[in-house]
Amino acid sequence: MTARGRPRSFDRAVALEKAMEVFWARGYAGASIAELTEVMGINSPSLYAAFGSKEELFKEAVALYVATDDSCTLQMLEGDLTTRDSIAAMLAVNARSCLLPDRPSGCFLMIGATNGGPETDAAQQYLCDKRKDMAARIRARLERGVADGELPAGLNLDRIAAYFATVIKGMSIEARDGADAETLAAVARSAMFGWDAITSTQG
């Protein structure tokens, strides 16, 4: 049975990447359908036919970001590095990913939908869930450190994970505000100075 309708005349993957860059730079509320369609090289009917809605397009753009530009950050939590070294590597890579060439500054997950009216609630919640997932991944790495005997039992892992997640969020804001690569790298290194204190059960 043949498909009805005219065949899609644009590269969906390319259009999605361009939409990701608009949302990343403008945020969900600031990215208008007019700008999205112009950058994507399609018209509004084609956008809705291919992606369903602006909200669904946004979610696909976030998923693309997580799978591509942001994937290297949390990958540092995998592998055979010690817990301390994996957290340090995660922060260092994140510092670099906040200033990627030819990309908007900052982390899309941190600044893609931070404010707006009721019409942005779903997008804000979606990114909030992604940020919580990041903290959960950090916590899981800490849990592995406890299981491996690298970290003492009895630590408040939620608090430690929240600390490093907050550092990542802060670096993203600093990048958007104009911080250079050297500054962000220094922040990443400085965040590890307190490792012994925050991973001590005496804290």
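1. Ground rules. This is a predicted model, with local features requiring pLDDT of at least 70 and side-chain atom pairs counted only at pLDDT 80 or more, while totals for chains, interfaces and linings use all residues. Numbering runs from 1 along each chain as its sequence is written, and side-chain values use heavy atoms, with hydrogens and water left out.

2. Confidence. The mean pLDDT (the predictor's confidence in each residue, from 0 to 100) is 90 for the chain, and 94% of the residues score at least 70. Helix α10 (residues 181-191) has the highest confidence, at 97, and helix α5 (residues 71-75) the lowest, at a mean of 85. Where pLDDT is low, the predicted coordinates should not be read in detail.

3. Overall build. I count along with DSSP here: helices are H or I runs of at least four residues, strands are E runs of at least two, and both are numbered from the N terminus. The chain has 11 helices and zero strands. Its C-alpha atoms fill a box of roughly 65 × 45 × 30 Å along the principal axes. Of the 203 residues, 38% count as buried; the cut-offs are under 20% relative accessible area for buried, over 50% for exposed and partly exposed in between, with a 1.4 Å probe and protein chains only. Among contacts with a separation of 6 or more, 68% are between residues 24 or more positions apart.

4. What the record says. UniProt (unreviewed entry) lists "domain: HTH tetR-type" for residues 9-69, and its "DNA-binding region" annotation covers residues 32-51. In the model, residues 9-69 are 80% helix and 0% strand, with the end C-alpha atoms 27 Å apart. Residues 32-51 are likewise 80% helix and 0% strand, and there the end C-alpha atoms are 15 Å apart.

5. S46. This serine is found in helix α3 (residues 44-51) and counts as partly exposed, at 25% relative accessibility. The side chain of S46 makes a polar contact with the side chain of N43 at 2.8 Å. For the record, a polar contact is a pair of N or O atoms within 3.5 Å; within protein, one must be able to donate a hydrogen and the other to accept it, and residues adjacent in sequence count only if both atoms are side-chain atoms.

6. A salt bridge here is a side-chain nitrogen of Lys or Arg within 4 Å of a carboxyl oxygen of Asp or Glu, and the count comes to 10. E17 and R103 form one of them, at 2.9 Å, N to O. E17 lies in helix α1 (residues 12-30) and R103 in the loop between α6 (83-97) and α7 (108-111), so this pair ties together parts 86 residues apart in sequence. D69 also meets R103 in a salt bridge, at 3.1 Å, N to O. That pair links distant parts of the chain too, 34 residues apart, with D69 in the loop between α4 (54-67) and α5. D69 and R103 are both buried, whereas E17 is partly exposed at 33% relative accessibility. Along with E21, these residues are linked in a network of salt bridges: E17, E21, D69 and R103.

7. Helix α8. R139 and E143 both lie in this helix, four residues apart, about one turn, and their side chains meet in a salt bridge at 2.1 Å, N to O. R139 is partly exposed at 26% relative accessibility, and E143 is partly exposed at 38%.

8. One to look at: R131. A polar atom of the R131 side chain lies 2.6 Å from the backbone oxygen of L109. Leaving aside neighbours within four places in sequence, R131 is in contact with L109, M110, Q124 and K169.

Notes: Contact = heavy atoms within 4.5 Å. UniProt positions renumbered as here; feature names shortened; annotations may be inferred.
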